Amino acid sequence: MRTRFQRTPDALVGTLGSVGAVLIALILGALVIRISGSDPVAAYRALYDGAFVGRRSIGDTLIYAAPLILGGLAFAIAARAGLFNIGIEGQLVVGGFAGAVVGAWDLGLPPIVYVPLALLAAAAAGAVWGFIPGFLRARTGAHEVITTIMLNYLAFRLITYLSLNRDDVLPVDPNAVATNRVADAARLPRILEGTRLHAGFIIAIIGALALWFVLYRTAFGYKVRTVGLSRGASAYGGINWGTTIMVAMAVAGVFAGLAGAGEALGLHGRHYSAPPGYGFTAIAVGLVGRNNPLAIILSGLLFGALSAGAPAMQSADVSKEIVLVIQGLIILAVAALDVLGRLPAIRARMARRAATRRAARAGA
């Protein structure tokens, strides 16, 4: 395992690569805007104003960024363990529902007890939903991409069913297809006066710092990264890779569940059964952040700014949907630069294989 000083150049190159990918995507986005007949300078100025000018705009950017950061962390820890977690949306929905149900029961507890209890319920529900594909991968070999996609749809249908049909046992409102309103004592407090910004953003930052510490300063983090690099090598070194990926997926579910709790307990005051869509964007946040928890904070802020500033682009006669195009271009640019970075290694591997074949033919 390389030392911290040996990892620094790679981390710097990765960061510069992500910055370059974002710049490329913005340039290509400007071309798309120009082709559509609008002024890209005016469009980007409106995007900036909508995301960063004024307290309300900044608050909205951070509101969007919070679940994206937590979702990006859910993707990152799974990716570090060698897994591709597409189930973030389902884990988020299940966690948000569990947290809102606990909060809507109005247990009469003080906020200092009630808020952590609701958050714990959300984290536990997300952990269970994340653990299932990890368990199936470790014990049966079922690929996590397939199982997490299936669990996404199962989560959507299950929460919709409970919201519509189980108001006899759960605090749900079938007319709104949502939970009842969360008790005031279970709500996440507002942290910026005059905005909707709540403490979910602080939870996201703490989560990123905690995951960075776990990954790079603990034995468990070492195991996760080793398993992600090579399960065979980790098993040879005495690491139980099956247990490691199960725990990693459960932790991923914790982050996704907290993202759902932030929306339910902080922003809306209840959980709506319709999936918000953050889970899929969070995959892009993790990819742009190179699965580094600290870089994911910046990546989440970027995507949060794009989401917050998108409506303002309409003032420049540009559809807010252009932001989706820019997000897609960012992902493509990151993927393309990653492939380009791997080309020397790919060529070297192909050259070694060709040399091996030539040697085998010469020996025959």
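How many of the 364 residues in the protein are buried? Buried residues make up 48% of them. Keep in mind as you look around that this is a predicted model.

Let's start with the overall build. The protein contains 13 helices and two strands. Its radius of gyration is 22 Å, close to the 21 Å that the globule rule gives for 364 residues, so the protein is as compact as a globular protein of that length. If you draw a box along the principal axes, the C-alpha atoms fill roughly 80 × 55 × 35 Å.

Now step inside. The largest nonpolar core has 85 residues, and those with the most contacts inside it are Ile69, Leu73, Met313 and Ile330. Leaving aside residues up to four places away in sequence, isoleucine 69 touches Phe201, Ala204, Ile205, Ile296, Ile297 and Gly300. There is also a second, separate core, made of eight residues, including Phe97, Val101, Phe156 and Leu162.

Next, see how two of the helices meet. Helix H8 covers residues 219-229 and helix H10 covers residues 241-268. Their axes lie 10 Å apart, and the helices pack at an angle of about 105°. Angles from 65 to 115 degrees count as roughly perpendicular, and H8 and H10 are therefore roughly perpendicular to each other. On the H8 side, the contact is made by Phe220, Lys223, Val224 and Val227. On the H10 side, Trp241, Thr244, Ile245, Val247 and Ala248 take part. Sorted by class, this contact has seven nonpolar residues, one polar and one charged.

Another helix worth a visit is H11, which spans residues 278-288. This helix is mostly covered, with eight of its eleven residues buried. The buried ones are Tyr278, Gly279, Ala282, Ile283, Ala284, Val285, Gly286 and Val288. Just after H11, arginine 290 takes a positive phi of about 55°. Asparagine 291 has a positive phi too, of about 60°, although it is not a glycine. You will find asparagine 291 in the loop between H11 and helix H12, which runs over residues 293-309. Is asparagine 291 buried or exposed? Its relative accessibility is 16%, so asparagine 291 counts as buried, since the cut-off for that is under 20%.

For another positive phi, go to the strands. Valine 177 has a phi of about 50° although it is not a glycine. Valine 177 sits in the loop between strand S1, residues 172-173, and strand S2, residues 178-179. With a relative accessible area of 25%, valine 177 is partly exposed.

Finally, turn to helix H13, residues 322-363, where arginine 361 lies. At 58% relative accessibility, arginine 361 counts as exposed, because the cut-off for exposed is over 50%. How many residues along the chain separate arginine 361 from leucine 229? The two are 132 residues apart along the chain, and their C-alpha atoms are separated by 33 Å.

Conventions
Residues are numbered from 1 along each chain as its sequence is written. This is a predicted model: local features need pLDDT of at least 70, side-chain atom pairs count only at pLDDT 80 or more; totals for chains, interfaces and linings use all residues. Side-chain values use heavy atoms; hydrogens and water are left out. Axes are lines fitted to C-alpha atoms, for helices over the stretch in contact, and angles run from 0 to 180 degrees between N-to-C directions. Helices (H or I, at least four residues) and strands (E, at least two) are DSSP runs, numbered from the N terminus. Angles under 35 degrees count as roughly parallel, over 145 as roughly antiparallel, 65 to 115 as roughly perpendicular and the rest as oblique. Contact means heavy atoms within 4.5 Å. Ala, Val, Leu, Ile, Met, Phe, Trp, Tyr, Cys and Pro count as nonpolar, Asp, Glu, Lys and Arg as charged, and the others, Gly among them, as polar. A nonpolar core is a set of buried Ala, Val, Leu, Ile, Met, Phe, Trp, Tyr and Cys residues joined through side-chain atoms within 4.5 Å. Buried means under 20% relative accessible area, exposed over 50%, partly exposed in between (1.4 Å probe, protein chains only). The radius of gyration is taken over C-alpha atoms; the globule rule is 2.2 Å times the number of residues to the power 0.38.
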